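Welcome! Have a look at it first, and then follow the notes below.

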Amino acid sequence: MKTRLTYLWTALFCLILAGCSSDEPAFTLSQDNFTDVPPEGQILSFQIETAGEWTATSLNKDWCTVSPGKGTGNATITIDVEGNISQDRTGIVTIYCNGVQTDVSITQKALPEGEELTYRIPVIFHVLYKDQNDPYQYISASRIKQVLDKVNQYYDGKTIAAGGDAGQDINLEFYLPETAPQGNALEAPGVEYVAWDEMPINCESFMQDKNDRIINLLWDLNKYINIMLYNFTAVEGGTILGISHLPLSTRGQNYLEGLHDVEYTHMENSNLGYPHCVSINSLYFDQDTPEGYYNSADANVTLAHELGHYLGLHHAFNEGESDPNADSDYCTDTKPYNRNLYQSTTMMDAYNAYNKSGDMNDLLPGFQRVNSLNAEDIFTSYNLMDYEISYSDRFTLNQRERMRHVLEYSPLIPGPKKTASTRSVAPQGVLDIPIIYKVCYKH
Ligand SMILES: [Zn+2]
């Protein structure tokens with residue numbers, strides 16, 4: 001009798017825990033198995049039917065993101081599967097409800113050898129403002145979209161002026177995300193407005209700041225490129241339009257020269273003690289280039305240029321301090337030139353002539369450079385990583401290769417990685433990493 005009572009009590013207790021009668025399941029899923037997810041990635045969805053509370057957890061967070069992570073009652077659950085350029089793989093999302101667990105499995109083949117992935121990278125603009133009524137601080141979402149659209153044309157290689165080699169298609173598209181990391185819809189896609197008590201801001205101090213208030217502005221670096229828009233403090237010696245950190249590169253066989261090396265293939269925001277990002281001077285964000293004119297502060301060029309740095313490019317001109325003739329950008333198809341010499345001669349002469357006549361033709365000699373490796377080689381500047389006076393509308397093949405390498409291998413850069421099978425564990429705590437950035441004057 002005693003045994004039987006215990007059994008009954010145990011059974012009753014189990015029923016309470018499950019929260020439902022024995023012939024009714026705790027929950028049902030419309031689908032628990034996704035096979036053949038395309039290598040390019042896909043957003044999957046399924047329905048959960050239940051009266052109870054549930055959680056949904058991805059066991060492969062580096063390529064498989066589930067949202068929402070929890071809920072009550074019937075809902076649609078989505079799984080965002082990233083593109084796959086490493087190897088065939090299976091991921092698991094566990095659904096837990098009323099004491100019962102079910103695994104949803106996702107299998108995805110890798111992109112075939114020799115095929116190239118089109119990268120789609122979300123970009124979040126953090127607009128810092130002190131005065132909401134100042135249009136040079138509170139930059140409109142429509143202007144941000146307009147500039148990013150133009151930047152995408154540069155990265156497609158489609159906007160090139162006449163002459164020179166064709167621009168490279170980087171096979172990369174930047175886009176403005178509709179939702180914040182927590183899953184809530186953004187009022188304006190890709191834009192976050194942040195009230196800030198200091199304006200203007202010294203951009204170099206900002207990029208090195210160890211203060212959590214600035215570091216915490218950053219969204220997940222593995223998912224987004226963060227762009228800060230604010231008024232830069234004026235400096236002597238020129239106008240700074242933008243500033244960007246350079247990416248890191250993993251030590252070993254996939255190291256990319258010209259970048260700081262780290263021993264990790266995967267890192268997280270918490271590993272950096274500074275705000276790794278692009279900053280753009282919002283005082284010039286309204287600048288375009290009218291047809292038939294030249295504008296060395298064009299915001300579209302500035303953003304394309306800074307994103308080039310963020311993806312591993314150096315300036316096309318000579319930056320070597322010891323040797324004024326060295327090719328310092330690790331790209332042999334961008335010809336080096338001595339920028340100091342150019343500024344004090346060719347560029348100054350062209351501006352003087354143009355300022356006197358107002359005739360654009362007088363500016364044309366300023367587009368010419370002398371190859372510092374070969375004085376007889378006079379070339380025209382078309383490169384986005386050059387400064388004024390330049391057509392600034394394209395990248396070269398070597399620059400394309402560098403950016404693709406960073407996309408495929410660098411930690412803290414969004415998008416599928418070739419090392420995905422080994423990248424899931426990040427080191428703990430803030431690492432001692434030098435803060436390396438490029439300051440960019442009028443181009
Ligand atoms: Zn630059």
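In helix 6, the buried residues are Arg 339, Tyr 342, Met 347, Ala 350 and Tyr 354. These buried residues pack against strand 18 (368–370). Please keep in mind that you are looking at a predicted model.

**More on helix 6**

- Helix 6 covers residues 339–357, and its 19 residues should span 27 Å at 1.5 Å a residue; the end C-alpha atoms are 25 Å apart, which agrees.
- The helix also has a kink of about 35°, and this kink is centred on Met 347.

**The protein as a whole**

- You will find 7 helices and 20 strands in the protein.
- Along the principal axes, the C-alpha atoms fill a box of roughly 110 × 50 × 40 Å.
- The protein has 443 residues, and 49% of them count as buried.
- Among contacts with a separation of 6 or more, 69% are between residues 24 or more positions apart.
- The accessible surface is about 21,500 Å², and carbon and sulfur atoms contribute 49% of it.

**Helix 7**

- Helix 7 takes in residues 397–409; at 1.5 Å a residue its 13 residues should span 18 Å, and its end C-alpha atoms are 18 Å apart, which agrees.
- Of these 13 residues, 11 are buried, so helix 7 is largely enclosed by the rest of the structure.
- The buried residues include Arg 400, Met 403, His 405, Val 406 and Leu 407.
- Their cover includes strand 10 (119–129), helix 2 (141–156), strand 11 (172–175), strand 15 (248–250) and helix 5 (299–310).

- Leu 248 sits in strand 15, and it counts as buried because its relative accessibility is 4%.
- Leu 248 and Val 406 are 158 residues apart along the chain, and their C-alpha atoms are separated by 8.3 Å.
- Leaving aside neighbours within four places in sequence, the contacts of Leu 248 include Leu 259, Val 262, Met 267, Leu 412 and Ile 433.

**Backbone features to look out for**

- As background, most residues other than glycine have a negative phi, and most peptide bonds are trans.
- A cis peptide bond joins Ser 67 and Pro 68, with omega about -5°; Pro 68 is in the loop between strand 5 (64–67) and strand 6 (70–72).
- Another cis bond runs from Glu 388 to Ile 389, with omega near -10°, and Ile 389 belongs to the loop between strand 19 (378–380) and helix 7.
- Tyr 330 is not a glycine, yet its phi is positive at about 65°; this residue lies in the loop between helix 5 and helix 6 and is partly exposed, with a relative accessible area of 40%.
- Leu 412 is not a glycine and has a positive phi of about 65°; Leu 412 lies in the loop between helix 7 and strand 20 (437–441) and counts as buried at 2% relative accessibility.

Terms used. Residues numbered from 1 in each chain as written. Predicted model: local features only at pLDDT ≥ 70, side-chain atom pairs only at ≥ 80, totals over all residues. Heavy atoms only, no water. Helix = DSSP H or I, 4+ residues; strand = E, 2+ residues; numbered from the N terminus. Expected span 1.5 Å × (residues − 1). Buried < 20%, exposed > 50% of the residue type's maximum accessible area, 1.4 Å probe, protein only. Contact = heavy atoms within 4.5 Å. Areas by Shrake-Rupley, 256 points an atom, 1.4 Å probe, with all protein chains shown as cover. Bend = angle between axes of the 7 residues up to and from the residue.
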